[in-house]
Amino acid sequence: MTTVLAAIDAGPTGPAVLHVAAGLAELTGRAALAVHVREGDTGAAEAAATAAGIPLRVLDGPVEATLLRAVDDPTVGLAVFGARAVPEGARPVGHVALLALEHAAKAVVIVPPNGAGTFFEPPVRVLVPLEATTESSEAVQSWINVFCGVGAEIVALHVVTPRSAPRMLDHPEWDLPQWSDEFIEHFCPAAARIDLRTGEPHRRVAEASRDEPVDLVVLSWSQDTSAGHAAVVRAVLSRSTTPVLLVPVDGRRQVLDLTADRPATVR
Amino acid sequence: MTADRTFEALCCRWNPPDACSGAPEIRDRIEELCTFGVHVVVVSDLDPAMVAGQLLPHSEGRGSLHLCLPRVGQVHEVTSSGPSLRWRDGCDHRPEGYGALRWIAGWLAERGITGSLVLVVGDVPAASAAFDRAVVVDTAVERPRFQQILDEQLDRRRSGRVPSVDADPAWSIPLPIERLAEGAAEAIGTIGNGWAASRAVLEERVDGSGTFLVNGVFTGDAVPTLVGGSNWSSIAVRDASTTRSLDLRTGVLVRESADPPLRTFKLISAHRPHVLALRAEGSSNCLLVPGDDGATGERDAQVTSSGGRGGGGIVIATADRAQAVGDDRLVERLGAWAASPRGRPSDDVVQSLLADLEGAGFDRILAEHRAAWAERWSNAAISITGSPEDELSARFAVFHLLASAPDAGEAAVGPRGLTGPAYGGHVFWDADVFVLPALAAIRPSAARAMLEYRLRRLPAARAAALASGGRGARFPWESATDGTDVTPPIVTLSSGEDVLVRTDEHEEHIVADVAWAADEYTRWTGDTAFLTTAGCDLVLDTARWWAGRIRVGADGRAHLDHVMGPDEYHDEVDDNAFTNVMARWNLRRAAALADELGIAGDESSEWRLLADRLVDGFDPATGLYEQFAGYWDLEPLLAAQVAEPPFAADALLGTDRVDRSQLIKQPDVLMLHHMIPSETPPGSLEWNLDVYTARTTHGSSLSPAIHAALYARAGRPDDALPLFRMAARLDLDDITGTTASGLHLATMGGVWQALAYGFLGLRPTSRALEIDPRLPRSWDALELGLRYGQARARIRADHERLHLKCDAPVTLRLPGGLPHACPPPGATFELDDPDAPRRSP
């Protein structure tokens, strides 16, 4: 059984990250494990982990490389990071979380500041923004199956673009439900319904992530944060008040050379 | 090559010292094949009496035995009373008897037997040439080989093996095989006869309810929908792949799987409207016969029913006969259905129908069905020389048109016909404006049944007019059983959002559309009695509605406020050009009809006066119509500035944004140039075509075909072709993403109209059939079969000539010419330089 890894530092987001990790672990039948890379006093991290009832491993080594190695451990199925310290932070996510997002070969959950909320209180509702490509839909499919398997309600979200728009709607009141059903069948068969919106995708998805009463947002992405890419991910991470599960699309991950770093030690 | 095929016709040579002549074992086999419905043609150089004496006359054969004598150019049918002359060549000499054999080939084709359903045996080169794509066994065949072939054919029939189809790529539609396209495949492969239809559900599908639909049978809900009958073709099949094809020529659906072996073949009889038939054969580990895994024999009739409870109902009865043949299993199922728009028929009705089938048997039902489809196609032929792909997609459209409406009683034709549940099967303007004109030309009796649907709902339309403070008849935007408006007031989208529907309030042009359809029917069919008897109220009462509905302003001009045109992006406008001009046409047509009926008076004078006063938004200075009052003041957004058409602008931009722009969903002003060009100023098509096309998103499936027709009429057939193809492949490529819920039947009507009204430039009038072909450069020729007046006609145009074949006189009128009476068998005309500018509508 793989574990849900909660990466915590000494900052204020630790309890929220642990809370989300514990909730996800319970929901998916996995074990939760907290990790903390020693940079000084580990007391705050240990206290938070103890309070959450999650075992803690304190790691030694460079923070980024050590955490990435921990995330890459094959026993880890999912990693949870805090986004940033405060909602008003200048960047959507801190640099350590960003590195994990860009380079991890597995799904990473980003917990926004104050984003734990009433996480995973039934009925669990998961929002899945879709861009209407098979590749991106397939990337999140296994996670959707996991959440479906525990009775979560899947709500698909699609912001209509010139590329994805229905080509013809003779009478929207008749045709749009049919088109939506076809869309769901093609891209997210587990969805109970679909929320169609118009406008700029990054704004509309971010609005939905902020406003909709959901427990988790599931997004696939290319792990490419260069200019002109990942606008939706950036916007969602900036505005979401809900944890965001980001699933890398296979084959697009950036490879980070970790060989120069010394191995991490585990206490 | 021939062992695993079923031939419906055998053509063999019979001359001493040929190996097969005179042998009793051959004669016996031919005799028996005839009893199974096979048509046997014997080609001989002998005296007919001598050959007939050698051949046993078939006694109760459902097939036929024909004697073809090429040397003397004669065809005799051999019956128990001897040979009787069926056809004699009028020419003194035909090399190799080509004419006689061609006649035989044509006779078989009229029974749906063509191509690979014909086996030619022996040294019969002329027969090989006459039977296109026939399977030919070499002349050197000896008696044992011929006998072996006959034995194979007899064995197949004795054991009830699955028949073959003429797998002609020009007539066969392979269904999509991808899992996610299964819904679309079910719709594309729908088989039907106009009264009823079955989607192409896989036999093993257990949740097949709702896949059998009957014309005009709706639920009793507040917003009724078509009652869904059960999957009558359900059979236990496991582990079979799904290669299916729809044979357009004969209206059968065939499924084949190589590993494990499985073949199924099913039809809804075009000859016996209430009859269903299926045969299946497969390996014992794939096809499980009904009852239990290995059972054989007959199974008691199974009866299923649907609907009722305040609405219509459907009852289906089926009876199976199963048997094992070696490692294979065979299942033959005959079925009967009955339905009622009010209540559920009793089981006794279908049991009785089923009992009647016992004497007929599958082979006869198949033969009748093939012949019925051949007869349908004889009035609806399509040939596009130079583009097999366009020809096939056009035939696909016409096939479903021919299967969309019954040819008796009344026909409630919804936007998706009987190919799916979309729109609840409600009847919209799609029926009157898009489907009916095509059927008026290729299946007039079905068009008449569509008009009967409107006629029988005149009382409801009159009541609706009265209820809204008007007079005459106001036909509803959506109707079902009783003719009241069944437009859903609110529709809940998948997102949970409720959408208010207002088409029923504002899309009043349907009132004039109904009148126009009645008039168009009479112009194609020459059935003028329709409008001077029962049908006259479709024109008169609709005119009365407009007369009461029109507001005359202080300026003395007449207006129609708060309406919606075909472009539904702008949902409540004043003086929509299409609505106003259609109303004007309706008023004038009614006034003329009143003259014909001898009832002209103050009322018809008022109609003419109002018609003359109606504003139409046309500006002579620019040559443009304004789509509605204030349209030019909207944001001048062009479709290409948003996305590449087709796209649904309302879904992409939102309804409010689109409402404030000049984007339109489909032809609105331009529908006038398509439907009633005589009501539009000469030369106005070109100007309006350019302006409005730039603003058209083609966000409606009704749009591309009409634009194609208009581009052809504007002398730009090459520009028309991509739009024609978009329409013709709309469902084959599932362009809308909604094909799974049913085929876009109105688009298919538009496809036919693009071919007839557009590329051939046909326009039926009371005095002549106007014609002005404009073919795309990539097409060598276009040929359509149709009925005009009393004549069955074939019209073929290439880039230089026009050919008319007809069996009754047809008056044609070419551009700028006088009407030209063409007696049978037809005439040929030289066409003008196709690049020369033509007079526009």
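Modeller: Two salt bridges are counted between chain B and chain A, a salt bridge being a side-chain nitrogen of Lys or Arg within 4 Å of a carboxyl oxygen of Asp or Glu. Before going on, this is a predicted model, where local features need pLDDT of at least 70 and side-chain atom pairs count only at pLDDT 80 or more, while totals for chains, interfaces and linings use all residues. Residues are numbered from 1 along each chain as its sequence is written, chains are lettered from A and ligands numbered from 1 in the order in which they are written, and side-chain values use heavy atoms, with hydrogens and water left out.

One salt bridge pairs Arg179(B) with Glu185(A), with 3.7 Å between the closest N and O atoms. The rule also picks out 13 residue pairs in polar contact across the interface of chain B and chain A, both residues at pLDDT 80 or more. Such a contact is a pair of N or O atoms within 3.5 Å; within protein, one must be able to donate a hydrogen and the other to accept it, and residues adjacent in sequence count only if both atoms are side-chain atoms.

On the side of chain B that touches chain A, β22 (490-492) and α19 (649-653) each supply at least two residues. Helices (H or I, at least four residues) and strands (E, at least two) are DSSP runs, numbered from the N terminus. α19(B) gives the most, with four residues. By type, that side of chain B divides into 24 nonpolar, 16 polar and eight charged residues. Here Ala, Val, Leu, Ile, Met, Phe, Trp, Tyr, Cys and Pro count as nonpolar, Asp, Glu, Lys and Arg as charged, and the others, Gly among them, as polar.

Overall, 48 residues of chain B are in contact (heavy atoms within 4.5 Å) with 29 residues of chain A. About 2,900 Å² is buried between the two chains, and carbon and sulfur atoms give 58% of that; buried area is the accessible area (1.4 Å probe) that two parts lose on being put together, summed over both.

Now for chain A itself. One buried residue is His158(A), at 1% relative accessibility, in strand β7 (residues 153-160). The side chain of His158(A) reaches the backbone oxygen of Leu130(A) at 2.8 Å. Beyond four places in sequence, His158(A) also touches others, including Trp179(A), Phe183(A) and Asp195(A).

Over in chain B, Trp607(B) sits in helix α18 (residues 602-613) and is buried, with a relative accessible area of 1%.

Last, α12(B) (residues 458-467) has Leu458(B), Ala460(B), Ala461(B) and Ala465(B) buried. Seen down the axis, these buried residues fall within an arc of 160°, so they line one face of the helix; the arc is that of the directions from the helix axis to the C-beta atoms. They pack against α11 (444-455) and α16 (536-549) of chain B, while Leu466(B) and Ala467(B) are exposed on the face turned away from the buried side.

Methods
Buried means under 20% relative accessible area, exposed over 50%, partly exposed in between (1.4 Å probe, protein chains only).
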